[in-house]
Amino acid sequence: MRVVGATEYGGPEALRVVEVPERHAGPGEVRVRVRAAAVNPTDTYVASGDRKKAQQEQEPPYVPGMDVAGVLDEIGEGTSTDLAVGEHVMAIVVPSGSHGGYAESLVLPAGSVVRVPAGADDVAASTLPMNGLTARRALDLLALRPGQVLAVTGAAGAFGGYVIQLAKAEGLRVIADAAPKDEELVRELGADVVVPRGEDVAQRIREVEPDGVDAVADGAVQNEQVLPAVRDGGAVATVRFWRGEAERGIALHPVLVVDYAEERELLDRLRAQVEDGTLTLRVARTFPAEQAAEAHRTLAAGGTRGRLVLEF
């Protein structure tokens, strides 16, 4: 079967189509014939060598991709699932060596796979699992109560957008950042207040909430720059593994989506929230799988709103 991965480290040009052996589902597993794989910033680390240490015991090709959608085509013996062969499904993927979302076929734990939302095609559905579960994990770690105030950086991005929509559904007040061209989008996602994005975002947030917000979901990876926006004893959900130095009793919560990789009920709840209109699926552009390098170059150029998606 075909995968798109790197046999040596480099930039987007390191990605190429490679043939690997077909795999079959075992106990507790299902197999998905992948139709669409979302392209995320974390995918770029696989080919660039930024994950070299984690991959040192793995054999190339190194295949990126953390969320997919397609058709369930095999159920492992003894696997407990309400899914049936032939159904359209979406899944979160934990990449390891040649096992990543940029693949024609994937064998996955049954707990990582659910039906696609009704009315959504595979391309749109592929944009939900990883970013949706990351947003869910961030909010669960922050554990805010209805009426409390959450600031979201990187609000126009996939993670930020899902955080806003989930937070509003749970009764939070949301202050979000945006460039001028994204302000309307961020308001449509549900932000109560939109402030200019940038290095001084903490100051802008304090102008709205002089005592500081209860928490920040830092999708823009501004790390220590957002700490001044938080009240004493507040919290920050950080991505990209930043742990930083705590100050003023602020709790730092690194968000690791792998903690929810087999939390099927949570992924299925996200599916239901797409169906009831709580969450919006956003596709920026699609590429044939063999053009993955171009998709990565497009992502690196910045300004993408919604997810780029590879089609198999």
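Alanine 125 lies in helix 3, which covers residues 122-125; helices here are DSSP runs of H or I with at least four residues, strands are runs of E with at least two, and both are numbered from the N terminus. The model is a predicted one, in which local features need pLDDT of at least 70 and side-chain atom pairs count only at pLDDT 80 or more, while totals for chains, interfaces and linings use all residues. Residues are numbered from 1 along each chain as its sequence is written, and side-chain values use heavy atoms, with hydrogens and water left out.

Is alanine 125 buried or exposed? Alanine 125 counts as buried because its relative accessibility is 0%, where buried means under 20% relative accessible area, exposed means over 50% and partly exposed lies in between, with a 1.4 Å probe and protein chains only. Apart from neighbours within four places in sequence, alanine 125 is in contact with Ala69, Met90, Val116, Pro117 and Leu281, contact being heavy atoms within 4.5 Å. Alanine 125 and leucine 281 are 156 residues apart in sequence, yet their C-alpha atoms are 7.2 Å apart in space.

When neighbours within four places in sequence are left aside, the contacts of threonine 127 are Ala38, Asp67, Tyr162, Leu281, Arg282, Val283, Arg307 and Val309.

Isoleucine 92 belongs to strand 5, residues 88-92, and is buried with a relative accessible area of 2%. Its contacts, again leaving aside neighbours within four places in sequence, are Met66, Leu108, Ser112, Pro129, Met130, Leu133, Val257 and Ala261. A separation of 10.0 Å lies between the C-alpha atoms of isoleucine 92 and glutamate 263, which are 171 residues apart along the chain.

## How helix 4 meets helix 5

The axes of helix 4 (residues 129-142) and helix 5 (residues 158-169) come within 8 Å and cross at roughly 55°; axes are lines fitted to C-alpha atoms, for helices over the stretch in contact, and angles run from 0 to 180 degrees between N-to-C directions. Helix 4 and helix 5 are therefore oblique to each other, since angles under 35 degrees count as roughly parallel, over 145 as roughly antiparallel, 65 to 115 as roughly perpendicular and the rest as oblique.

In this contact, Asn131, Gly132, Thr134, Ala135, Arg136, Ala138 and Leu139 of helix 4 meet Ala158, Phe159, Tyr162, Val163, Leu166 and Ala167 of helix 5. The residues of the contact divide into 9 nonpolar, 3 polar and 1 charged, where Ala, Val, Leu, Ile, Met, Phe, Trp, Tyr, Cys and Pro count as nonpolar, Asp, Glu, Lys and Arg as charged, and the others, Gly among them, as polar.

## The parallel sheet

Which order do the strands of the open sheet follow? The 6 strands are arranged as 10-9-8-11-12-13 with parallel pairing, and two strands are taken to pair if DSSP finds at least two bridges between them. At the edges are strand 10 (193-196) and strand 13 (251-254), each of which pairs on one side only. From one strand to the next the twist averages 20°.

Strand 8 (residues 149-153) is joined to strand 9 (residues 173-178) by 4 bridges, with leucine 150 having valine 174 as its bridge partner and valine 152 standing opposite alanine 176. Another 4 bridges join strand 8 to strand 11, where threonine 153 stands opposite aspartate 218. Strand 11 in turn pairs with strand 12 in the parallel sense over 5 bridges, and alanine 215 has alanine 235 of strand 12 as its bridge partner.

## Burial and cover of the sheet

Because 5 of the 5 residues of strand 8 are buried, strand 8 is largely enclosed by the rest of the structure. In a regular strand the side chains alternate between the two faces of the sheet. From strand 8, Val149, Ala151 and Thr153 point one way, whereas Leu150 and Val152 point the other way. Strand 11 is also largely enclosed, because 6 of its 6 residues are buried.

Helix 7 (residues 201-208) lies across strand 8, strand 9, strand 10, strand 11 (213-218) and strand 12 (230-238), and runs at about 145° to strand 10.
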